[in-house]
Amino acid sequence: MKLLTLNFLTCARKTCKSTAAAFPLHPKEAELEQVEMELNPLFVKNMLPRLDWEAMKTLATELGLPNLPAETPVAEELANESGEPTQTLRDLHTLLMETAIASGKLVCGNCGHEYAVKEGIANFLLPSHMV
Amino acid sequence: MSRPEDILPPDLFYDDAESRKYTTSSRIRNIQADMTNRALALLDLEHPSLILDLGCGSGLSGEILSDVSAEEGGPHTWVGMDISASMLGQALERDTDGDMLLADIGQGVPFRAGTFDAAISISAIQWLCNAETSDVSPEGRLKRFFDGLYASLKRGGKAVCQFYPKNTQQRNLISQAAIKAGFGAGILEDDPETKNVKYYLVLSVGGGDVTGAVREMENVDVQDARRRERKRGKEVERKGSKAWITRKKAQMEAKGKVVKNSSKYTGRRRRTAF
């Protein structure tokens, strides 16, 4: 599962929906993998305002990735004057699209429920008493 | 023909054998591709977008989303949800681009508000009309699903869900659940009144009117069943009013009945008797 997706996932339980702690989910015993993807500058630019940068920073610390800049990169930094993609864009692309969680667990900060991730697919099925 | 919905719940029906059959059948693949392209045309996306694929199965529709050319606003990135682990296994074997979750869409959509630009769903949401256990109801599952979908789409976002309703009742159940969640909703019928009829539920968030989605398409008739908004400031004809009385008198006269002459006193109240 891409880190981009993880930046949008919340706990699936109804009781957690209204609490702030249900987002972001915290990775546990996560194994990372790198997947080659084609660079899509327009897509990254479109996603930028929707990203929760605070959540992205906590995620990077928890996964032991190099520290991210304190502020969200702005759209102007993504391309230089001639329209060529910059290093910032490449780094964002590597972080969001190419870094993925292959296996591990995702833990809700509110209820503590653990969602298992296997082969990059997270299991969000809830037993009926937890819905 | 038997409906798979009537046989088993989706997570059990699509086991390894059935999933392989579904994914490798060229007939099903063609139909799925046609429907996905139709749904994409209805969504009318201009930029590379983040799309939610509900009931993504083995990623047949997702593949098409990833393959949209740059001229047509692609390629899109998608996140899929499906309840059948075997179907997702097929998707892994085929090495699709999107992320997938093993999840029941009837339990809600676990994404934060305003995540997706659009959502598509091919042949999936009719499964929500089945209640597999006694502690859930079709209405409850549809409500959880549409409420979750509404929240996870951004404002101005659209969703197109192709589905196979069992009957008119099921069709209305689904569309009314969508409207209750706050969507502007409409149903597009392809090949109406034939065996191959396809229903597309077109939903919009905050847009209100969905007829705009088909404005540029050919061979599409719009039937608007919404109640016409009452014109403001225009007096509505009340029973017993002068306008009502003159209309009724004209009606009776046309039938050939004897009707009293009209005068300036017609329809006036008598003064209160002492």
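Domain bounds here come from an automatic or database domain assignment. I note at the start that this is a predicted model.

**Entry 1: domains of chain B**

I looked up the domains of chain B. The assignment gives domain 1 as residues 4-231 and domain 2 as residues 237-273. I then took the distance between the centres of domain 1 of chain B and domain 2 of chain B over C-alpha atoms, and got 56 Å.

**Entry 2: layout of chain A**

I turned to chain A and listed its secondary structure, which comes to 4 helices and 4 strands. Reading along the sequence, I wrote the pattern down as α-β-α-α-α-β-β-β.

**Entry 3: extent of the interface**

How many residues of chain A are in contact with chain B? I found 33 residues of chain A in contact with 30 residues of chain B. I put the area buried between the two chains at about 2,600 Å², with carbon and sulfur atoms giving 57% of that area. I next asked which residues of chain A lose the most area to chain B. They are Phe8(A), Arg50(A) and Ile121(A), and together they account for 23% of what the chain A side buries.

**Entry 4: polar and charged pairs**

I searched the interface of chain A and chain B for salt bridges, and the rule finds 2. I looked at one that involves Arg50(A): its partner is Asp117(B), and the closest N and O atoms are 2.7 Å apart.

I then checked which elements of chain A supply at least two residues each to the side that touches chain B: helix 1 (3-6), helix 2 (41-47) and strand 4 (121-123). Helix 2 of chain A gives the most to that side, with 4 residues. I sorted the residues of the side of chain A that touches chain B by type and got 19 nonpolar, 8 polar and 6 charged.

**Entry 5: strands across the interface**

In which sense do strand 4 of chain A and strand 3 of chain B pair, parallel or antiparallel? I found the parallel sense, over 2 bridges, with strand 3 of chain B spanning residues 99-102. Within this pairing I located Ala122(A), which stands opposite Leu101(B). Strand 4 of chain A also holds Ile121(A), as its range is 121-123.

Conventions. Residues are numbered from 1 along each chain as its sequence is written. Chains are lettered from A and ligands numbered from 1 in the order in which they are written. This is a predicted model: local features need pLDDT of at least 70, side-chain atom pairs count only at pLDDT 80 or more; totals for chains, interfaces and linings use all residues. Side-chain values use heavy atoms; hydrogens and water are left out. Contact means heavy atoms within 4.5 Å. Buried area is the accessible area (1.4 Å probe) that two parts lose on being put together, summed over both. A salt bridge is a side-chain nitrogen of Lys or Arg within 4 Å of a carboxyl oxygen of Asp or Glu. Ala, Val, Leu, Ile, Met, Phe, Trp, Tyr, Cys and Pro count as nonpolar, Asp, Glu, Lys and Arg as charged, and the others, Gly among them, as polar. Two strands pair if DSSP finds at least two bridges between them.
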